[in-house]
Amino acid sequence: GAVTGLCFRTDNTSILASGSSNGGLYIWSLEDERLVSSMPQAHDSQVCTCTFMQGEPILLTSGGDNAVKMWIFDQDDGSAR
């Protein structure tokens, strides 16, 4: 789907998150220039917004499905729970 939102981590980690029109959430390493994690069904509808909390490994997303979700990036492989 089309990109509907972009945001950068602000805790000295070179990561970009992108949301899509089909509800997917994708995490990109800016250092390695590659996709590091994908959640193709993060929302049941388009991802409307994505915002990393200042200085924290926490991403908030909202979707057209009326859901607000919090993703915590604290897994050993850099993925979210």
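## Strand pairing in a predicted model

Leucine 59 stands opposite tryptophan 71 in E7. This is a predicted model, in which local features need pLDDT of at least 70, side-chain atom pairs count only at pLDDT 80 or more, and totals for chains, interfaces and linings use all residues. Residues are numbered from 1 along each chain as its sequence is written, and side-chain values use heavy atoms, with hydrogens and water left out. Strands (E, at least two residues) are DSSP runs, numbered from the N terminus. Two strands pair if DSSP finds at least two bridges between them.

- E6 joins strand E7 (residues 68-72) through five bridges, and the two run antiparallel.
- Four residues separate the strands of the E6 and E7 hairpin, where asparagine 66 takes a positive phi near 70 degrees.
- Strand E5 (residues 47-52) also pairs with E6 in the antiparallel sense, over five bridges.
- Phenylalanine 52 faces leucine 59 of E6 in this pairing.
- The E5 and E6 hairpin has five residues between its strands, and glycine 55 in the turn has a positive phi of about 70 degrees.

**Cover and surface**

- E6 is mostly covered, with five of its six residues buried (under 20% relative accessible area, with exposed over 50% and partly exposed in between; 1.4 Å probe, protein chains only).
- Leucine 60 lies in strand E6 (residues 58-63) and counts as partly exposed because its relative accessibility is 32%.
- Leu60 forms a nonpolar surface patch with Met53 and Met70, together about 260 Å² of accessible area.
- Patches are made of residues with over 30% relative accessible area and no salt bridge; nonpolar side chains (Val, Leu, Ile, Met, Phe, Trp, Tyr) are joined within 5 Å, like charges within 9 Å.
- A salt bridge is a side-chain nitrogen of Lys or Arg within 4 Å of a carboxyl oxygen of Asp or Glu.
- Accessible areas come from the Shrake-Rupley method with a 1.4 Å probe; for residues, only the protein chains shown count as cover.

**The sheet E1-E2-E3-E4**

- Four strands make an open sheet in the order E1-E2-E3-E4, with antiparallel pairing.
- Strand E1 (3-8) and E4 are the edge strands, each pairing on one side only.
- Five bridges join strand E2 (residues 15-20) to E3, and alanine 17 has isoleucine 27 as its bridge partner.
- Five bridges also join E3 to strand E4 (residues 34-39), where isoleucine 27 stands opposite serine 37 and tryptophan 28 has leucine 35 as its partner.
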